[in-house]
Amino acid sequence: ASAGTLADPVPAWITALLASPLLAEQKRLAGRTVPTDELISTLLTALDRHGGTLTATALARAIAYPSLRLRGLLAVLQRVLNIDGYAVLTRDEASDTIELHRDLLCRQFDLVSE
C-alpha cells in the first residue's frame with residue numbers, strides 16, 4: 001500500500017536515486033536506522049514540490065511523519081545523502097527550515113536532474 005495522498009508521480013530523479021548503487025552503499029554505511037525507500041521518496045518529493053525548502057513543521061505534515069521524530073529522520077538522511085561532507089540536505093536551526101540542494105544531490109549520485 002502506498003500513501004494515497006501522493007497523487008503526483010515521483011520525479012524521475014528520485015526514482016533514479018533510489019535505484020542508485022551509490023545510494024545502496026550509503027544506506028549500508030549509515031547503519032540500521034535507515035528509512036524505507038518509500039519514506040525517502042515521499043520526503044524528497046515533498047521538498048522538491050516546494051522548491052527544495054520547507055519548515056520542519058510543514059515537512060512533517062507533508063510526509064505524515066511525527067514532528068518529534070523528524071529531527072532523527074533528517075539526521076539519518078543527512079548521513080545517507082550528504083556524501084563527502086557536501087550539504088545536499090541541510091537543516092537551518094534558526095529558521096527551522098530543511099533545504100534540499102537537488103542539483104548537488106544529482107551531481108553527487110551521478111543522476112540527470114530535469
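This is a predicted model: local features need pLDDT of at least 70, side-chain atom pairs count only at pLDDT 80 or more; totals for chains, interfaces and linings use all residues.
A helix here is a DSSP run of H or I with at least four residues, and helices are numbered from the N terminus. By that rule, Gln-26 sits in helix α2, which covers residues 21-30.

Is Gln-26 buried or exposed? The cut-off for buried is under 20% relative accessible area. Gln-26 comes out at 13%, so Gln-26 counts as buried. What does Gln-26 touch, once we set aside its neighbours within four places in sequence? The contacts are Arg-79, Val-80, Ile-83 and Phe-109.

Leu-68 belongs to helix α5, residues 67-81. The cut-off for exposed is over 50%. With a relative accessible area of 85%, Leu-68 is therefore exposed. Take Thr-57 as a reference point: Leu-68 is 11 residues from Thr-57 along the sequence, and their C-alpha atoms lie 9.7 Å apart in space.

Next, a pair of helices. Two packed helices are described by the angle between their axes and the distance between the axes. The pair is α1, residues 12-19, and α3, residues 37-49. Their axes come within 10 Å and cross at roughly 150°. Angles over 145 degrees count as roughly antiparallel, and α1 and α3 are therefore roughly antiparallel to each other. The crossing of α1 past α3 is right-handed.

Which residues meet there? From α1 we have Trp-13, Ile-14, Leu-17 and Leu-18. On the α3 side they meet Asp-37, Ile-40, Ser-41, Leu-44, Thr-45 and Asp-48. Sorted by class, this contact holds six nonpolar, two polar and two charged residues.

Last, the strands. Strand β3 spans residues 97-100 and pairs with strand β1, residues 53-55, in the antiparallel sense over three bridges. Strand β2, residues 89-92, also pairs with β3 in the antiparallel sense, over four bridges.

Which residue of β3 is the bridge partner of Leu-54? That is Ile-98. Ile-98 is also the bridge partner of Arg-91. If you look at Ile-98 on the model, then, you will find Leu-54 and Arg-91 as its partners.

How many residues lie between β2 and β3 in their hairpin? There are four, and Asp-96 in the turn has a positive phi of about 55°.

That is my tour.

Conventions
Residues are numbered from 1 along each chain as its sequence is written. Side-chain values use heavy atoms; hydrogens and water are left out. Helices (H or I, at least four residues) and strands (E, at least two) are DSSP runs, numbered from the N terminus. Buried means under 20% relative accessible area, exposed over 50%, partly exposed in between (1.4 Å probe, protein chains only). Two strands pair if DSSP finds at least two bridges between them. Contact means heavy atoms within 4.5 Å. Axes are lines fitted to C-alpha atoms, for helices over the stretch in contact, and angles run from 0 to 180 degrees between N-to-C directions. Angles under 35 degrees count as roughly parallel, over 145 as roughly antiparallel, 65 to 115 as roughly perpendicular and the rest as oblique. A crossing is left-handed if the near helix is turned anticlockwise from the far one by less than a right angle, and right-handed if clockwise. Ala, Val, Leu, Ile, Met, Phe, Trp, Tyr, Cys and Pro count as nonpolar, Asp, Glu, Lys and Arg as charged, and the others, Gly among them, as polar.
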